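Please find below a note for colleagues who have the model open. The points move from the whole chain to single residues.

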Amino acid sequence: MHPGHRHLPPERVVTWLAMAGFMGTGKSRIGWELSRRLQLTFIDTDRVIERVSCMRIPDLFELYGEGVFRDYETEVVRRSVRLDEVVISTGGGTVVRQENRALLKARGPIVVLTASAETVYRRTRRNRRPLLEHADPLKRIAELMEARAAA
């Protein structure tokens, strides 16, 4: 290489990508890995919400309800679609809100991950998930998945 030539990053297939899917499908894990391979910044919308609200998501749900959480989520999505060179991992219910779906679809490719209700339960059972605080979490997962598939 001649002096004065700088090393250019490899050509990227995409420079903006969103990960969507039900909780526990691997959005954060796979999104982070993709961001490393594509040399893009990784943004997890749930972690952003926790930082800006200064609260853990289960506490935000408990104190202010799902509606306030979803409003935070929509604001984070609005800001995320203005960014470049990022992989965005959305929360499991982000795409339930039509405005969020429209914003993400208009911006760029969305990778949707899926898993069975049993797999989701196995991956989420050790974490506090407000939407799964239910007598039968596996049944609740199946109900939520069915309702979201219809949306």
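The numbered points below describe the chain, its charged side chains and selected residues.

1. Basis of the note. The model is predicted, and local features are reported at pLDDT of at least 70, side-chain atom pairs only at pLDDT 80 or more, while totals for chains, interfaces and linings use all residues. Residues are numbered from 1 along each chain as its sequence is written, and side-chain values use heavy atoms, with hydrogens and water left out.

2. Overall architecture. The chain has seven helices and four strands; helices (H or I, at least four residues) and strands (E, at least two) are DSSP runs numbered from the N terminus. Read from the N terminus, the order of elements is β-α-β-α-α-α-β-α-β-α-α. Along the principal axes, the C-alpha atoms occupy a box of roughly 65 × 30 × 30 Å.

3. Of the 151 residues in the chain, 40% are buried; buried means under 20% relative accessible area, exposed over 50%, and partly exposed in between (1.4 Å probe, protein chains only). The accessible surface is about 9,300 Å², and carbon and sulfur atoms account for 53% of that surface; areas come from the Shrake-Rupley method with a 1.4 Å probe, and for residues only the protein chains shown count as cover. Contact means heavy atoms within 4.5 Å. Among contacts between residues at least 6 apart in sequence, 68% join residues at least 24 apart.

4. Charge. There are 26 positive and 19 negative side chains, and the centres of the two sets lie 4 Å apart. Lys and Arg count as positive and Asp and Glu as negative, with His and the chain ends not counted; each charge is placed at NZ of Lys, CZ of Arg, CG of Asp or CD of Glu. The chain contains 14 salt bridges, a salt bridge being a side-chain nitrogen of Lys or Arg within 4 Å of a carboxyl oxygen of Asp or Glu.

5. Lys27. Leaving aside residues up to four places away in sequence, Lys27 touches several others, including Met19, Phe22, Ser89, Thr90 and Leu113.

6. Glu33 and Arg36 pair through their side chains at 3.4 Å, N to O. The two residues are three apart in helix 1, so about one helical turn separates them. Glu33 is partly exposed at 27% relative accessibility, as is Arg36 at 49%.

7. Glu66 and Arg70 form a salt bridge at 3.0 Å, N to O, and stand four residues apart, about one helical turn. Glu66 is partly exposed at 34% relative accessibility, whereas Arg70 is buried at 11%. Glu75 and Arg78 form another, with the closest N and O atoms 3.0 Å apart; they are three residues apart in helix 4, again about one helical turn. Glu75 is partly exposed at 28%, and Arg78 is partly exposed at 31%. Elsewhere, salt bridges that share partners link Asp44, Arg47, Glu50 and Arg56 into one network.

8. Helix 2 (residues 45–53). Its buried residues are Thr45, Asp46, Val48, Ile49, Glu50 and Ser53. These residues pack against strand 2 (41–44), helix 3 (57–64), helix 4 and strand 3 (86–89). Asp44 caps the N-terminal end of helix 2, with a side-chain oxygen 3.0 Å from the backbone nitrogen of Asp46.

9. Positive phi values. Most residues other than glycine have a negative phi. Cys54, which is not a glycine, has a positive phi of about 60°. Cys54 lies in the loop between helix 2 and helix 3 and is exposed at 70% relative accessibility. Glu85, also not a glycine, takes a positive phi of about 55°. Glu85 is in the loop between helix 4 and strand 3 and is partly exposed, with a relative accessible area of 38%.

Terms used. A polar contact is a pair of N or O atoms within 3.5 Å; within protein, one must be able to donate a hydrogen and the other to accept it, and residues adjacent in sequence count only if both atoms are side-chain atoms.
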